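Have the structure open while you read.

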Amino acid sequence: MTAARSSSERGGRGGGGGVDGDGEGSARASQEKAGAAHINLGVLESVATVGTGTFGRVVLVQDRKTKGYFALKSMKIVDLIRLKQQQHVHNEKEVLMEVNYPFIVKLFWTWHDDRCLFMLMEFVPGGELFSYLRSRGKFSNDAGLFFAAEIVCALEYLHSKDIVYRDLKPENILLDREGHIKLTDFGFAKKVADRTCTLCGTPEYLAPEIIQGKGHGLAVDWWALGVLIFEMLSGYPPFFDDNPFGIYQKVLSAKLNIPRQLDFYVKDLIKKLLVVDKTQRLGSLRGGAEDVKSHKWFRSVDWDVVPQRKLKPIIIPEVAHEGDPSNFEAYPEEKRKKEPAVSPRDLELFKNF
């Protein structure tokens, strides 16, 4: 594991802009959350930057009134338009408005001015799973099993709503104070009735059907789960190369070299998830997620208690307090430049945000 991988079509982690200011406007409560009705930029005080990306950043903020902590994702409209990301941003908001699940980050409020879009989300202080994997090299079988079980439940929930996630990777999995997961960064998530054709995602995690451009659906998340389990237990993804084209070639060939020391059953699970033919891929068969949950690697898991967060976490983050940013990388604080206001025509693209 080296530096975090970026996602194709969008910047890597986070979103940007800044949080200082007195923006009022018609704040929209994206979900009915207690205490969110009074929120505007003026009551939010910047604490630390916890993520950056191509068109902005994610900042840990504190509500001056309630003293609660949030993650404020702000994105520059001019960059979103330049990179043709309008629909992805709308998809992200719509998906997060619809979902409510223990293993998915919560969205509380959205707003925009004539320069930036803002999404106020729960702050998850444990940091990225990527950081723990990078520091440890690889996870034990028990740790991999724990994380995979919670992820399976999150994917099952999303798929029950016909939502494909499309960006599963260690960088997009956060840990809460107790060590349970929270999926974040839903910029590639989309409601899919049948299939979609957009090429997006992170090269090492792309399913063959995304690369082939023939249309894809929920099955791509089960492929990504196979890649993630392999990486968690091996310390590296199954398909990697110095350039994306080389990665794509290896994905399409799907030749696996699974480390011999891995558990017998997890090797079998990985092989059944990393099947090029999506109609034969575990999770995509008639039984859906139940086929994954009933695999022998998960034989010790009581699936009824997983969504209740009753599985015992293997890794407990060190968190000093609710607003502790120490589990995230330290980013230099930039002096916020006043971004140029976009034209009314461009702003119209985000009138419902």
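Cys-116 is buried, at a relative accessible area of 0%; buried means under 20%, exposed over 50% and partly exposed in between, using a 1.4 Å probe and protein chains only. Cys-153 is buried too, with 2% relative accessibility. Searching the whole structure turns up zero disulfides, a disulfide being a pair of cysteine sulfur atoms within 2.5 Å.

Bear in mind that this is a predicted model, where local features need pLDDT of at least 70, side-chain atom pairs count only at pLDDT 80 or more, and totals for chains, interfaces and linings use all residues. Residues are numbered from 1 along each chain as its sequence is written, and side-chain values use heavy atoms, leaving out hydrogens and water.

Now for Lys-73, which an unreviewed UniProt entry marks as a "binding site"; such annotations may be inferred rather than shown by experiment. Lys-73 sits in strand β4 (residues 69–76), strands being DSSP runs of E with at least two residues, numbered from the N terminus. Lys-73 is buried, at 5% relative accessible area.

Glu-122 belongs to strand β6 (residues 116–122) and is buried as well, at 17%. Here are some polar contacts (N or O atoms within 3.5 Å; within protein, one able to donate a hydrogen and the other to accept it, with sequence-adjacent residues counting only if both atoms are side-chain atoms):

| Side chain | Partner | Distance |
|---|---|---|
| Lys-73 | Glu-92 side chain | 3.0 Å |
| Glu-122 | Lys-182 side chain | 3.2 Å |

Methods: Helices (H or I, at least four residues) and strands (E, at least two) are DSSP runs, numbered from the N terminus.
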